[in-house]
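Here is a short report on one protein model. Look at the picture first, then read on.

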Amino acid sequence: MKLASKTSQKVAFGRPTLKTTAHAQQRIPTREGQPPLDEYYNSLFTTFGPQHWWPGESQFEVIVGAILTQNTSWANVAQAVENLRGQHLLSPAAMEQVPLGRLEELIRPSGYFRQKARKLKAFCEFLRAEYRGSLKRMFGTPTISLRGKLLDVFGIGPETADSILLYAGEHPVFVVDAYTKRMLERHGWAGEKAKYEDVRWMVERQFPGDAERFNELHALIVKTGKHFCRSREPLCGECPLGRYLEEGR
Ligand code: SF4
């Protein structure tokens with residue numbers, strides 16, 4: 001499957017621009033004009049191993065998590081999901097029927113709970129109206145078509161749509177998040193103002209693969225971001241990707 005893509009000049013392809021680090025002696029030449037994502041992937045996988053994403057006991061729970069995780073930490077999401085589980089609301093039909101105010105209270109730990117309750121309701125309504133409430137039917141829809149439909153649902157933006165497609169539906173799309181953009185930007189592969197679709201397209205083009213590979217790559221990048229590629233003072237000297245910087249920070 002190949003997703004629709006577009007060429008953009010907003011993604012800067014070129015040589016890394018960071019300064020020299022201890023990893024400079026182990027420098028690995030990069031393919032001109034392309035991020036060596038296969039090599040990044042292999043280094044990260046060797047270091048961290050499989051990440052077993054995404055946590056969730058059902059497809060619907062993964063979807064709920066993908067919506068609730070917007071602008072908050074996973075610990076807060078987990079609390080909200082447990083509240084829903086305790087009330088037997090982790091099914092589309094049950095969630096659509098529960099009063100909005102009750103839903104808001106249950107997901108309060110995830111923050112922005114009023115908006116998120118409306119988003120969850122909107123997804124459930126969409127699922128019923130378009131697919132008679134069947135996730136199997138929904139995920140049987142071709143990726144490009146389903147992605148477009150999801151993006152039309154209230155509260156579902158590109159990152160959430162791709163998380164639903166990849167982690168709940170095993171559709172082969174790459175999820176771009178802040179960690180991905182930061183890493184690619186620091187390695188000189190994405191411009192500071194690169195847009196979501198540009199970065200997604202670049203990764204899918206340079207790292208062709210199936211859902212399993214996209215799943216693992218994204219999870220490994222998040223792991224790297226949390227442990228090494230922090231927004232301030234990244235630990236390039238200890239990072240498995242440090243040797244890929246032509247010049248270090
Ligand atoms: S911390 Fe790792 S991923 Fe981030 S810029 Fe440094 S080497 Fe690259």
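## Around the ligand

By class, the shell around the ligand holds nine nonpolar, three polar and one charged residues. Ala, Val, Leu, Ile, Met, Phe, Trp, Tyr, Cys and Pro count as nonpolar, Asp, Glu, Lys and Arg as charged, and the others, Gly among them, as polar. The shell has 13 residues, and the closest are Arg186, Cys229, Pro234, Cys236 and Cys239.

## About the model

This is a predicted model: local features need pLDDT of at least 70, side-chain atom pairs count only at pLDDT 80 or more, and totals for chains, interfaces and linings use all residues. Residues are numbered from 1 along each chain as its sequence is written.

## The whole chain

The chain has twelve helices and zero strands. Helices (H or I, at least four residues) and strands (E, at least two) are DSSP runs, numbered from the N terminus.

Of the 249 residues, 35% count as buried. Buried means that 20 or more other C-beta atoms lie within 10 Å of the residue's own, with C-beta atoms placed from the backbone. Now take contacts between residues at least 6 apart in sequence: 71% of them join residues at least 24 apart. Two residues are in contact if their C-beta atoms, placed from the backbone, lie within 7 Å.

## Helices H1 and H12

Helix H1 covers residues 37-48 and helix H12 covers residues 211-227. They pack at about 70°, with axes 10 Å apart. Axes are lines fitted to C-alpha atoms, for helices over the stretch in contact, and angles run from 0 to 180 degrees between N-to-C directions. H1 and H12 are therefore roughly perpendicular to each other (65 to 115 degrees).

H1 brings Tyr41, Leu44, Phe45 and Phe48 to the contact, and H12 brings Glu216, Leu217, Leu220, Lys223 and Thr224. By class, that is six nonpolar, one polar and two charged residues.

## Helices H2 and H3

How do the axes of H2 and H3 cross, and at roughly what angle? The axes of H2 (residues 59-68) and H3 (residues 74-86) come within 10 Å and cross at roughly 135°.

Glu61, Val64, Gly65 and Leu68 of H2 meet Val77, Ala80, Val81 and Leu84 of H3. This contact divides into six nonpolar, one polar and one charged residues.

Definitions and conventions:
Buried ≥ 20, exposed ≤ 12 C-beta atoms within 10 Å, placed from the backbone. Near = placed C-beta within 6 Å. Parallel < 35°, antiparallel > 145°, perpendicular 65-115°, else oblique.
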